[in-house]
Amino acid sequence: MGDIRQSLLPRDVLSAAKELLYHLDIYICNLLQSGRQPPQVDTKTLDLVEEFILHSPKDRNTPPRRMSALQELQLLEIMCSCFQEQSRDAVRQLMFSALFSLQGNQADESRMALLSKLVSMAIAVGRVPILECAATWLQRTHRLYCVRLARVLVDDYCSLVPGSVPTLQNIHSSSPRFCCQFITAVTTLYDLTSEELTPPLELLQMIVSWVQDDPRLVLITLLNTPLSGSPPISSLDLTPLGGLVRWCVKAPLAYRRDKKQALTNGTTENEPEAGPLFSALHLSVLQVFMLLPNILNEKGLFGRLALLQLESLAALTSDLSRLLDQADKHTHPLSADTHTLSQLALDRLAQALQVAMANGALLCSREDLRAICSRLPHNNLLQLVMSGPVMYYNNIHTPPMAFGPHASHSPIASHPTHPPLSSHPSSHPSPHPSSHPSHSSHSSQYPTQSFLSGMPFPFRPSH
């Protein structure tokens, strides 16, 4: 396609972009018909995309073209029509990849800006082919860029345009694949570490309604993705389960804390609604875990594919320990309300751990759990979980799948990182207030979470 550049140069920016999209469609159709495996768009074609659609020319001597706001809107409409009219999904996916796959160069910022506007428009006007392509993009792209796209969509539909939340909510029925990836991205973005990274109430209500109405929604990517190889490094998790568990466990302390800080601004009307929403979400997540045995057994993955990673849980318990410290410091003496919320967070953690292990989503030993939970205050339910029976899986001797969340994920900017705790209990001495000076506030209010070997645990999973 490199020979069409001279014919594009005299055209105005919109006409050139439209003409290039037309030729790109023909080029990709011919590429797929040639049978070349894997089909790959050549560098010259990508250069044309950067020059005439993203307006980032390779030649420094060539002045960059600029579109007016109206021309950019017209380009987005043309792109929507182009993807809508192309009936072959393989062509659409490859064209979307040619336009928006990140290349690690200066044009990536223009790519992200155009992509965000295109996906936002596709949601507004119901262009399902673009949402399906965007779902694939979210599976294959570094999570740092995925959460950037998610933030733009949340801002567009939950903040900037009043009354537009129902439009975003429709993606549940129009494109379940995109909806699942969107949930994964927003639970990665909003990790409840600060008020800025706390999900808006409208977003929370939307996700709770989605998962309540259709618990299998969060497993769409798992159900539709061939797991024959490893995913791209630092991509989003295979399911949003890890992020949803993090929301439910941290919410009693983190979400309430951030909303209390907002009371000074007079925003009190939404405060009572968050608690029941997180409770409903927690129940739905547990129900999703209980769907997994049949699904994983059908795929031959039970006992091989961990949808919750021990490293992520170690970071979660570290966050929870810090939240409990902060609750202690801000409440002297410890109030009944704070104690109730602290125990609620620990109860939810224990429930999630037990149900995830019993249903094959978490593959670890009880010793691993005791290691990562050693710094948490005592909780009866958590004690029961840590002293429960050893988990057995039918295909435990089958090598584990490489597909799954990565311990090597690059941290998102502005997110605090926590070094994973060792999974070997021998590296963690028996917890005692004096052995953890940074958690001394727990010693005054809570007993530490020690393992009681004689604790009975009569419940055993059925598989």
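Helices (H or I, at least four residues) and strands (E, at least two) are DSSP runs, numbered from the N terminus. This is a predicted model, in which local features need pLDDT of at least 70 and side-chain atom pairs count only at pLDDT 80 or more, while totals for chains, interfaces and linings use all residues. Residues are numbered from 1 along each chain as its sequence is written, and side-chain values use heavy atoms, with hydrogens and water left out.

The protein chain has 20 helices and 0 strands. Of its 463 residues, 52% are buried, where buried means under 20% relative accessible area, exposed over 50% and partly exposed in between (1.4 Å probe, protein chains only).

Helix 6 covers residues 108-125, and at 1.5 Å a residue its 18 residues should span 26 Å, which agrees with the 25 Å between its end C-alpha atoms; the expected span is 1.5 Å times one less than the number of residues. Among the buried residues of helix 6 are Asp108, Arg111, Leu114 and Ile123. Just after helix 6, Gly126 takes a positive phi of about 70°.

Elsewhere, the axes of helix 8 (residues 143-160) and helix 11 (residues 176-189) come within 9 Å and cross at roughly 100°. Helix 8 and helix 11 are therefore roughly perpendicular to each other, a term for angles of 65 to 115 degrees, with those under 35 counted as roughly parallel, over 145 as roughly antiparallel and the rest as oblique. The contact (heavy atoms within 4.5 Å) includes Cys146 and Val147 of helix 8, and Phe178 and Phe182 of helix 11.

Definitions and conventions. Axes are lines fitted to C-alpha atoms, for helices over the stretch in contact, and angles run from 0 to 180 degrees between N-to-C directions.
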